[in-house]
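I opened this entry to record what I looked up, step by step.

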Amino acid sequence: MPRNHDSLTARRISPAIWVNDTHSGLNRTAVSRVPEPRTVVDVARVVRRSRSEGRPLAVAGGRHAMGGQQFLSGGTMLDMRRLKRVRGFDDERGLLEVEAGIQWPDVIRAYLTRPGGMYSPWGIRQKQTGADRLTIGGAVAANIHGRGLTAPPFIGDLESLEPIGGLERGTCDCSAG
Ligand SMILES: Cc1cc2nc3c(=O)[nH]c(=O)nc-3n(C[C@H](O)[C@H](O)[C@H](O)COP(=O)(O)OP(=O)(O)OC[C@H]3O[C@@H](n4cnc5c(N)ncnc54)[C@H](O)[C@@H]3O)c2cc1C
């Protein structure tokens with residue numbers, strides 16, 4: 001394949017954005033772009049643009065993973081933390097509908113904050129220990145487990161997922177096993 005000198009030059013002179021993981025700091029990486037989408041439509045736009053430019057794309061949440069899997073040298077790093085709305089709360093079933101970039105403190109606030117300071121009967125069965133500012137997207141990606149190792153991993157606490165691709169959206173039923 002012929003070398004495209006123009007794009008190589010453009011990549012070399014474009015200023016690098018340095019990122020690293022939150023916890024160990026062992027994954028310093030120069031990425032080219034860090035879009036911070038606020039809507040699902042924004043996410044799809046970033047995915048489409050990366051695809052059409054042939055640029056690699058990595059997704060990052062709270063950046064706590066210590067293996068560096070949320071970073072790609074020279075690639076786009078999709079920072080999901082602004083996609084953090086609570087879309088709904090079914091108080092009867094204790095079922096929250098949230099966006100992927102939401103972090104645990106906002107998730108907890110969503111079910112504890114009740115009209116008139118009323119008591120909330122709900123709690124989280126499991127989350128990561130030792131840190132709070134991790135996203136639900138990161139928890140799903142790693143299928144995390146909590147301290148109680150006899151509880152099923154995180155997928156057991158999900159009813160459904162709505163994957164966002166560049167072109168299509170869908171719902172995945174997590175109860176199907
Ligand atoms: C102090 C500490 C304590 C921990 N404790 C536990 C524990 O008790 N149990 C446990 O199971 N794990 C634990 N972990 C690991 C942690 O749960 C995972 O690394 C988790 O994925 C981090 O979430 P994050 O939001 O920081 O994601 P990031 O570190 O930003 O990303 C982690 C991975 O998830 C992917 N990802 C993130 N968001 C999305 C998204 N919206 N869509 C698709 N992919 C996405 C990234 O591409 C990457 O591959 C711990 C980590 C630390 C640093």
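Before looking at any residue I wrote down the burial rule: a residue is buried if 20 or more other C-beta atoms lie within 10 Å of its own, exposed if 12 or fewer, and partly exposed in between. I also noted that this is a predicted model.

Entry 1, overall layout. I counted the secondary structure and got 4 helices and 8 strands. Read from the N terminus, the order of elements is α-β-β-α-β-β-β-β-α-α-β-β. The protein has 177 residues, and 19% of them count as buried. I then looked at contacts with a separation of 6 or more, and 47% of these join residues 24 or more positions apart.

Which residues are closest to the ligand? I found G61, G62, G137, G138 and A141, out of 26 residues that surround the ligand. By type, the shell holds 12 nonpolar, 13 polar and 1 charged. Both β3 (57-60) and α4 (136-142) supply at least two residues of the shell. The largest share, 4 residues, comes from α4.

I looked up the largest nonpolar core, which has 18 residues. The residues with the most contacts inside this core are A60, M77, L78, M80 and I136. At least two core residues come from each of α2 (40-53), β3, β4 and α4. This core also lies between domain 1 and domain 2, because both give residues to it.

R63 is not a glycine, yet its phi is positive, about 60 degrees. I located R63 in the loop between β3 and β4 (76-79). Is R63 buried or exposed? R63 counts as buried, because it has 22 C-beta neighbours inside 10 Å. N143 also has a positive phi, near 45 degrees, in a residue other than glycine. N143 sits in the loop between α4 and β7 (160-161). With 12 C-beta neighbours inside 10 Å, N143 counts as exposed.

I found R82 in the loop between β4 and β5 (86-90). R82 has 15 other C-beta atoms within 10 Å, so R82 is partly exposed. Which residues does R82 contact, leaving aside neighbours within four places in sequence? I listed E36, P37, R38 and G101. I also checked T39, which is 43 residues from R82 along the chain; their C-alpha atoms are separated by 8.3 Å.

Of the 5 residues of β5, the number buried is 0, so β5 lies largely in the open. I found that β5 runs antiparallel to β6 (residues 95-98), with 4 bridges joining the two strands. In this pairing G88 stands opposite E97 in β6. The hairpin of β5 and β6 has 4 residues between the strands, and G94 in this hairpin takes a positive phi near 65 degrees.

Key. Residues are numbered from 1 along each chain as its sequence is written. This is a predicted model: local features need pLDDT of at least 70, side-chain atom pairs count only at pLDDT 80 or more; totals for chains, interfaces and linings use all residues. A residue is near a molecule or strand if its C-beta atom, placed from the backbone, lies within 6 Å of it. Ala, Val, Leu, Ile, Met, Phe, Trp, Tyr, Cys and Pro count as nonpolar, Asp, Glu, Lys and Arg as charged, and the others, Gly among them, as polar. A nonpolar core is a set of buried Ala, Val, Leu, Ile, Met, Phe, Trp, Tyr and Cys residues joined through C-beta atoms within 7 Å. Domain bounds come from an automatic or database domain assignment. Two residues are in contact if their C-beta atoms, placed from the backbone, lie within 7 Å. Two strands pair if DSSP finds at least two bridges between them.
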